[in-house]
There are 4 protein chains.
Amino acid sequence: MGKTAQLNAAVLGASGYTGAEMLRLLAMHPDMTITAATANSLAGRRLESVFPHLNGVFDGEMVRLEDANFSNVDIAFSCLPHGTSQDAIAELPSNCRVVDLSADYRFRDADLYASVYGREHLNAEATRSAIYGLTEFARLSLKDAELVACPGCYPTATLLCLLPVAAAGVISKQNIIIDAKSGVSGAGRGLKEGNLFCEAAEGLHSYAVGTHRHAPEIEQELATRFDADLTVTFTPHLVPMTRGELVTIYAELSAGETVETVHAALSEQFKDEPFVRVRPLGDLPPDTRHVRGTNRCDIAVFKDRAEGRVIIIGAIDNLIKGSSGQALQNANVMFGLDETKGLDFLTPLFP
Amino acid sequence: MGKTAQLNAAVLGASGYTGAEMLRLLAMHPDMTITAATANSLAGRRLESVFPHLNGVFDGEMVRLEDANFSNVDIAFSCLPHGTSQDAIAELPSNCRVVDLSADYRFRDADLYASVYGREHLNAEATRSAIYGLTEFARLSLKDAELVACPGCYPTATLLCLLPVAAAGVISKQNIIIDAKSGVSGAGRGLKEGNLFCEAAEGLHSYAVGTHRHAPEIEQELATRFDADLTVTFTPHLVPMTRGELVTIYAELSAGETVETVHAALSEQFKDEPFVRVRPLGDLPPDTRHVRGTNRCDIAVFKDRAEGRVIIIGAIDNLIKGSSGQALQNANVMFGLDETKGLDFLTPLFP
Amino acid sequence: MGKTAQLNAAVLGASGYTGAEMLRLLAMHPDMTITAATANSLAGRRLESVFPHLNGVFDGEMVRLEDANFSNVDIAFSCLPHGTSQDAIAELPSNCRVVDLSADYRFRDADLYASVYGREHLNAEATRSAIYGLTEFARLSLKDAELVACPGCYPTATLLCLLPVAAAGVISKQNIIIDAKSGVSGAGRGLKEGNLFCEAAEGLHSYAVGTHRHAPEIEQELATRFDADLTVTFTPHLVPMTRGELVTIYAELSAGETVETVHAALSEQFKDEPFVRVRPLGDLPPDTRHVRGTNRCDIAVFKDRAEGRVIIIGAIDNLIKGSSGQALQNANVMFGLDETKGLDFLTPLFP
Amino acid sequence: MGKTAQLNAAVLGASGYTGAEMLRLLAMHPDMTITAATANSLAGRRLESVFPHLNGVFDGEMVRLEDANFSNVDIAFSCLPHGTSQDAIAELPSNCRVVDLSADYRFRDADLYASVYGREHLNAEATRSAIYGLTEFARLSLKDAELVACPGCYPTATLLCLLPVAAAGVISKQNIIIDAKSGVSGAGRGLKEGNLFCEAAEGLHSYAVGTHRHAPEIEQELATRFDADLTVTFTPHLVPMTRGELVTIYAELSAGETVETVHAALSEQFKDEPFVRVRPLGDLPPDTRHVRGTNRCDIAVFKDRAEGRVIIIGAIDNLIKGSSGQALQNANVMFGLDETKGLDFLTPLFP
């Protein structure tokens with residue numbers, strides 16, 4: 001995999017799971033060179049001493065954000081927490097195009113951001129014009145984007161399932177119910193009791209029922225396809241596995257529509273997509289195992305027992321298509337590279 | 001725990017998980033003596049050689065069904081698969097009262113059984129009069145019952161959440177959506193690839209979407225409270241943990257009803273129940289970890305983001321309240337014992 | 001399980017895993033009443049809000065250590081970290097007999113404690129006279145003990161396997177190698193990255209190779225049986241499971257001894273023990289699954305491929321026989337109760 | 001990853017875990033084209049229907065062994081069970097060079113094979129001349145090899161740790177103790193109760209204590225370095241994780257040798273190896289997490305508490321360096337390709 005280093009990349013916030021995954025993916029990308037990895041609390045430490053799995057992948061040390069040299073950086077990936085990310089991005093020089101993996105620029109409306117994240121947005125204009133980077137639906141805008149906001153993991157899986165059917169008019173905007181399940185890595189590397197092995201293993205529970213911040217993000221994007229505001233029901237669950245995310249979506253068919261027309265809308269949308277696979281009707285339900293370690297999304301459509309309803313299920317790896325992989329996919333489009341570059345050789349680790 | 005052996009108990013089909021759990025619970029019950037444990041393929045083997053965890057719990061060997069002596073058995077627990085169970089129960093002498101953990105006598109309508117389980121029911125009359133043993137709602141009938149059909153694990157958790165609110169008229173019978181999640185022991189001890197550690201660990205998927213046999217069972221029972229037929233949406237998922245089951249139920253409020261009235265209906269119903277706990281509004285969501293190893297059901301009610309909707313979540317241990325524990329609870333009632341006997345000292349194993 | 005409250009018990013340090021398990025076991029003990037549970041950082045919170053699994057088990061709130069009333073306490077269980085435990089115990093009134101689950105009083109030699117734990121021991125006399133509470137070998141001393149030091153989890157499993165064979169002279173004190181494996185709960189509830197689900201699941205590693213603090217503890221006790229100092233090899237490993245501990249011990253047979261004589265020494269020692277089971281020669285190796293949730297230790301002996309060697313394997317639940325269960329077993333003996341009280345109904349949760 | 005198809009590859013026995021992993025790796029190899037995948041029981045099924053994770057990786061269907069066309073196959077990988085593999089390989093045409101992942105050709109002595117595997121070897125001559133494919137030690141012989149026997153997973157990890165120190169004379173051949181731990185995938189995809197999720201999760205046990213077939217394989221190879229026969233102690237354990245293998249090896253230092261000289265022997269041996277990494281003295285112990293999904297082996301050396309002893313620990317992914325990855329590495333050498341081809345982009349999936 002001879003490297004023809006064309007693009008200099010920086011990773012902000014390298015000490016978390018999305019940061020580590022970003023570095024791993026960048027290190028394998030033939031056209032990217034990592035020139036900086038920031039992590040304030042770990043500054044001065046070699047990356048492999050913090051993440052031994054990156055030994056032989058990236059041979060460098062972490063620096064404080066303020067000590068990083070961004071003057072020659074083409075693309076900065078911010079894996080910082082929301083709020084912090086916004087502040088850091090504001091300081092970057094103009095030569096840096098930015099992919100933000102945090103929630104800071106996902107809302108076009110700064111007031112909505114403030115109400116959902118409990119923090120005033122410092123740059124209402126930037127958030128209004130930032131590109132919402134669900135790659136499959138954002139390619140044209142990505143080409144010239146200076147600032148791309150990567151979707152949250154739950155919105156990524158959900159919107160891939162729902163945008164095509166919303167746009168096709170085959171389901172109602174009423175009573176969309178999203179029952180979501182995520183592996184523990186979705187909760188990040190934060191030291192919380194709930195993330196301890198002994199508390200997460202052999203157990204299952206929902207959290208943030210009715211209040212999770214990804215719901216308004218999903219609604220913002222769906223509204224553009226339904227051409228109307230809507231409210232979705234959204235319940236996330238924590239599942240005792242590391243990677244993987246599954247969304248089970250219950251929806252009402254529009255008059256005259258069927259499971260077949262829903263399936264057709266999805267199949268048509270994604271028929272040429274490298275990373276989204278719509279399974280044939282009647283096939284097995286998606287399993288997160290079958291996309292683990294990849295940038296893929298598996299989608300399937302099922303007939304409900306109740307008349308006039310449909311079930312759509314989507315599966316992704318929350319750390320790849322749900323964050324760092326999609327960030328890289330976006331960067332590929334931003335710089336005119338083959339969109340699959342650095343992502344195409346990822347195959348699921350099974351078993 | 002001095003034993004005053006009053007009741008002789010037999011376990012049919014002792015080699016599976018529900019059979020093993022039945023034996024473990026019976027062995028600790030102060031008023032029950034295990035007099036027979038049948039398992040055709042393992043006949044002649046000491047129980048502890050098949051289930052080393054039962055060493056010191058039950059000191060006996062397994063026999064073939066036809067070799068068991070039922071003449072002095074007061075209560076037989078059938079842990080056989082459906083179909084097989086029906087046949088075995090038909091042969092038992094009249095001195096045996098029966099708790100059937102299989103699906104064979106759950107449907108009052110033999111035709112419904114035939115259509116759901118693909119096998120003609122051999123005893124339409126018995127299934128019509130068998131008691132559906134969701135203990136909290138069946139006590140009066142249980143006292144004189146000769147044949148009790150234990151509910152399935154999913155129906156147990158679901159009906160505990162829904163029967164009180166259906167009866168109280170606070171939710172609509174339309175669009176009830178049950179997104180269910182179970183640990184792998186719910187699939188039994190059968191040797192199937194999907195049950196292998198390497199296929200179930202680190203993965204998550206739904207199964208039997210729209211077609212699972214527990215849906216008509218749920219509908220049968222709900223219909224009696226709604227006083228009308230209905231169709232529910234039901235999607236089970238396989239979660240990489242051994243024990244535990246969670247149902248996340250989405251329902252529409254009846255006109256004028258609120259989350260508070262739903263909560264009140266549940267609290268009122270279960271306020272004196274030893275095994276069902278309705279959490280205060282605003283409390284944490286139920287976690288299967290908190291009921292694991294017990295006969296309990298934890299229930300909580302949540303406000304939905306969408307107007308006019310409510311979310312009810314229930315958690316049980318599928319092998320105890322979802323099968324063998326409830327079977328024993330039923331037997332206690334059948335024989336006039338304290339309903340909690342042999343079950344009250346079970347506390348959750350945490351972590 | 002009617003309670004005839006005879007003994008008042010206090011738990012110091014109730015917020016960790018051993019504290020929670022201590023409370024769970026005490027709450028089920030027919031002759032013990034919990035009168036205080038201390039946890040400085042959680043003072044004022046109801047126990048069930050911190051440990052929802054204890055709902056219905058213990059109905060009280062936590063207090064600060066200095067706010068607890070010990071005047072009527074018969075037995076105090078200290079689940080505090082080492083160092084802290086020593087300080088707290090020093091302040092207890094003389095009416096409290098004490099079982100210390102920390103390492104503070106395990107060494108008879110205060111200087112050895114200081115060198116191993118890097119902290120001067122404040123009470124050399126007390127540590128010299130404290131009883132090392134490996135119950136099966138300490139009964140006589142326990143009866144009048146004021147201060148009992150519970151063994152570490154690794155020493156418990158190891159010494160049960162080795163003390164009888166050391167005493168019988170059937171193995172050499174040279175080249176004893178203990179390869180130990182523990183579930184993650186052995187590392188406590190501390191918020192460390194290594195204890196996170198995402199870092200512990202699907203991985204395996206050793207730690208503290210050659211330097212773990214349980215090695216000198218094992219040596220202290222073995223020395224009394226060999227009547228000579230010795231050095232053992234001890235390597236612990238962290239296994240992706242919550243509870244359970246396995247020690248695989250490699251030893252050299254004394255001249256003329258065989259696997260059979262080793263097995264005989266163990267069988268003879270433990271033939272009447274309620275909690276230690278020596279498996280027949282040729283039986284399956286112990287599995288932590290078969291003792292999980294109990295106060296038991298399973299032991300088996302195997303012929304090595306190499307001449308003159310033997311392999312002894314022991315399995316316990318690290319949170320019960322390895323800590324809180326043994327603490328209660330000790331307390332039973334201290335107060336002249338049946339040693340199995342409150343522990344006899346624990347059966348393994350399988351699967 | 002443009003393919004310049006030079007070599008035609010066949011996989012025999014594609015339905016197991018090593019077969020599936022072989023196909024996954026081959027499909028990503030730039031110079032290999034899969035022309036046949038055999039699986040008698042699944043003949044006619046598309047590979048992706050059996051292994052959905054291979055969707056998009058290999059687009060073909062499985063055939064019966066006798067229906068496969070081997071006339072244009074350059075390299076056949078046999079993932080069949082031992083015994084079966086031997087028979088199948090005997091039928092292959094001479095144009096096929098063979099890498100056998102089974103145990104059939106690992107022993108140079110057919111009688112030893114017969115005694116260990118309980119089956120007469122049909123081709124004593126072939127097993128005498130087959131190359132034992134521990135790649136790092138077999139390169140010269142591999143170039144012209146017609147038949148390569150891939151080492152077992154345990155021998156791979158063990159021999160990488162021990163061959164260099166045996167050859168350097170820094171450890172004794174006496175009392176080498178190998179305490180090995182493997183994830184469940186090491187047991188294959190066979191339908192056995194012990195491989196069920198509910199039996200393997202949350203448990204730990206040893207198996208085949210003193211009798212495992214990998215011990216004589218380890219001895220055969222070590223004997224060549226010690227230039228003397230020897231007997232090793234070898235105890236495997238089953239760990240509740242899918243992939244990963246750790247060997248903890250206890251050895252006696254030769255007179256005058258130290259941990260440092262042991263470390264030096266390993267470092268010198270592997271200093272230029274792409275897949276073997278010897279960690280600096282004092283570094284953290286190897287974790288299977290850090291090699292998962294790769295062809296790497298991590299090795300570390302530790303001082304024992306006991307004088308004159310040393311501990312060497314090695315970690316691999318049992319399905320890659322322990323089987324299919326090493327098979328591909330061998331094939332690369334056999335055909336004069338860059339040894340890392342198709343394997344170099346595998347980085348550990350963490351978390």
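Visitor: How many residue pairs are in polar contact across the interface of chain B and chain D?

Guide: A polar contact is a pair of N or O atoms within 3.5 Å; within protein, one must be able to donate a hydrogen and the other to accept it, and residues adjacent in sequence count only if both atoms are side-chain atoms. Across the interface of chain B and chain D the rule finds eight such residue pairs, both residues being at pLDDT 80 or more. Helix H8 (residues 197-200) of chain B gives four residues, the largest share of the side of chain B that touches chain D. Helices (H or I, at least four residues) and strands (E, at least two) are DSSP runs, numbered from the N terminus. This is a predicted model, in which local features need pLDDT of at least 70 and side-chain atom pairs count only at pLDDT 80 or more, whereas totals for chains, interfaces and linings use all residues. Residues are numbered from 1 along each chain as its sequence is written, chains are lettered from A and ligands numbered from 1 in the order in which they are written, and side-chain values use heavy atoms, with hydrogens and water left out.

Visitor: How many salt bridges does the rule find across the interface of chain B and chain D?

Guide: A salt bridge is a side-chain nitrogen of Lys or Arg within 4 Å of a carboxyl oxygen of Asp or Glu. The rule finds four across the interface of chain B and chain D. One of them joins B:Arg189 and D:Glu193, at 3.4 Å from N to O.

Visitor: What area do chain B and chain D bury between them?

Guide: The size of an interface is often given as the accessible area lost when the parts come together. Buried area here is the accessible area (1.4 Å probe) that two parts lose on being put together, summed over both. For chain B and chain D this is about 1,700 Å², with 65% on carbon and sulfur atoms. On the chain B side, B:Leu191, B:Phe197 and B:Cys198 lose the most area to chain D, together 41% of what that side buries.

Visitor: Which values describe the interface of chain B and chain A?

Guide: Chain B and chain A bury about 4,000 Å² between them, 55% of it on carbon and sulfur atoms. B:Glu202, B:Leu204 and B:Arg305 supply 21% of the area that chain B buries there, more than any other three residues. The rule finds six salt bridges, including that of A:Asp179 with B:Lys181, whose closest N and O atoms are 2.9 Å apart.

Visitor: Is strand S10 (residues 245-252) of chain A enclosed or open?

Guide: Buried means under 20% relative accessible area, exposed over 50%, partly exposed in between (1.4 Å probe, protein chains only). Eight of the eight residues of S10(A) are buried, so the strand is largely enclosed by the rest of the structure. Two strands pair if DSSP finds at least two bridges between them. S10(A) pairs in the antiparallel sense with strand S7 (residues 177-183) of chain A over six bridges, and with strand S13 (residues 309-316) of chain A over eight bridges. A:Val247 stands opposite A:Gly314 in S13(A).
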